[in-house]
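Good morning, and thank you for coming.

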Amino acid sequence: MANQEYEIERLVDFIRFEEAYEQFYHHKNKEFAGIFTRARFKKNPRNTYVTSRYYYKVKWLGFDRNNTTWEPEESIPNEVYLGQFKRLNNLDEHLEKIEVSFEWKQKRGYIPLQNVKILEKTADEPVNLSQFSPVLLDAVDNGRFGMVPIPAGENLNQRAFFFKLNHTYYFVKNAVYNAETSEDVESLIKAFHHENKCFIQEYIRHENIVSMLDSFYNYDPSSGNLRISSVFEECPQALRYKITNDGVSWKCMMFDVLKGLAYIHTYGIHQGLSVDNILFGRNGQFKIGHFNDFTFSKRIDAMNVKSVGVELAPRKYGLTDQFDFTVDIYALAIVALQCSESVLLVQGECKTLADVEEKIRLAMDNLLSDEDRHMIRMMLKARLLMHQGAGSYRFSAHSLSCWPTLYDSGMVSVECIFLKTLDATPIIDRAYYAPDETVADVINRATAFYGCSLETDYRMLCSTNFDSSCSADILSQRENFKTVVDNETTRGSKKFLILPILKPSVAPDHLMQKYVILYRQELGGFPIIIESPRLTPPELLTLVKREAVSEEYRHLKMGLFAEELNDYEDDIPKYSENSFLLKIEPEDAVKSRLSTLEDMKKPLTGDMLRWTEIAGIHSLFGQKNVGPVVKRSRKRSSSCMN
């Protein structure tokens, strides 16, 4: 098709050339036959061919879905939102051309593609997704020319409905506006997509995100009605239906949804997770739908946060910081609790926030293990834990999807305090381990969860209690961790801690000195471990003050005092001959960070139970949860909002 004769309406899908080659030649998939025609390839003197790295399936304006074709990227104009399509599918924004060599007719069997060489990458203008608002070209009522043509006789004026085409069901949602003149149509469509971001479901190709298969508009000049229609893939059941009728494994649901969130959090925040907006697809996986309130922003002011129900709205936890992706993590934790309870947490108007918290507490008690409760608690309080120095990666969708809690991994866990940096607030976490794993294996898994730098060394310590009167044992990296946990002499009375070693400079091992500094105030009984070429006490104090003391206390008077190791020889065997005690004056001016640990497990009280502690409560208070919007006519049907 020549560009001067035909116009591309939209991009439908994409494929790498290498994958298309394998599909066509190895798997005999005729869908890609149109790519492998000699007219598409320019032959070089070396009997090689030059082509685009990516091919796109395109829908041509004025032609039906049976006439879609695969076109090389170099033939796709930017006007059909090529840059946005590539960004939303994590594709390289550059135009990439490759040189390949292959046999056209492989009569003696499949020959794998070899010697793929990148020839050039053409830079394009950076794409600003925050301003993305598509213009719909299909204004022909989707009769003959839609990707999913709606059968004759369907009432298109319904707010939402299902229809069947060639044994497949589809779901349609309509939005109706009044346009005084035809000139208003384009501006109204832009305004609609500025507020409602469901259109990105037409661009994203992900197994855990509900796909929009078609979109079009119809303008009736006689009535002034502008109808914007969106056609989605049909998902047999909404999560609400499965919870109340079939029962749902919250772990299976969470794993699938986390995969979808990990994808979309690259671009923004969903703000709409609920039992109605998570659907069960025909591929046997849970999918995220309802992108109406999706925002391309990575940060949102508290008053602008949106949620489907008051129980799903995240807590401020007394912080004034803007909200981020933890809006979705909080909502997903609430949805998981509803799966475990097999009932909806809030089924009517809540008079007090304490009512919501009590329902959350009861649902938490219904979980089967401490590991389950720990994961949900961490998700609910992710915003607070990040503020206290745990870092964002631990609570990212990608990291959460890797937690052993979600798998039948055969691992067990023990409570473990984690300190990402020495001046952060300690976090009560859990250390997962298999029977044959060493202390180093357990440390590496924990630091990977937190996205710690590979350049930072961490050590695990063990103590009966990390307070100012107790000492700690620095565990050998090679020691079997299960043996440590099961040690009969200390079983049930030991606590574990993972913290970083300070290494201010790099030197050969024989020049490295080891220092242990006991820090009995702000960090309680946590020892500070330092490996460095020889440092003088003033240099040690400067290092410790910079790396281990919270900023609010750095102005106080500090001193290092030599400490004999005789009392600690059994606890810290041969680790260091350089031991110091750090003192901060006045002592009563410093609050131990250990005192905040148990607060994380406690229920919210006082000001934390006021409606003003709910993000976006100005738009939620007093609203009742909305029931199902659409019901299928089939017996196994349920409500579904895409």
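N166 lies in the loop between strand 8 and strand 9; helices (H or I, at least four residues) and strands (E, at least two) are DSSP runs, numbered from the N terminus. This is a predicted model, in which local features need pLDDT of at least 70, side-chain atom pairs count only at pLDDT 80 or more, and totals for chains, interfaces and linings use all residues. Residues are numbered from 1 along each chain as its sequence is written, and side-chain values use heavy atoms, without hydrogens and water.

N166 is not a glycine, yet its phi is positive, about 50 degrees. Most residues other than glycine have a negative phi. With 58% relative accessibility, N166 counts as exposed (over 50%; buried is under 20%, and partly exposed is in between, with a 1.4 Å probe and protein chains only).

Strand 8 (residues 160-165) and strand 9 (residues 168-178) pair in the antiparallel sense over 6 bridges; pairing requires at least two bridges found by DSSP. Within this pair, K164 stands opposite Y169.

D256 belongs to helix 5 (residues 250-264). D256 touches N208, Q285 and F286, not counting residues up to four places away in sequence; contact means heavy atoms within 4.5 Å.

Finally, a cis peptide bond joins E585 and P586, with omega about -5 degrees.
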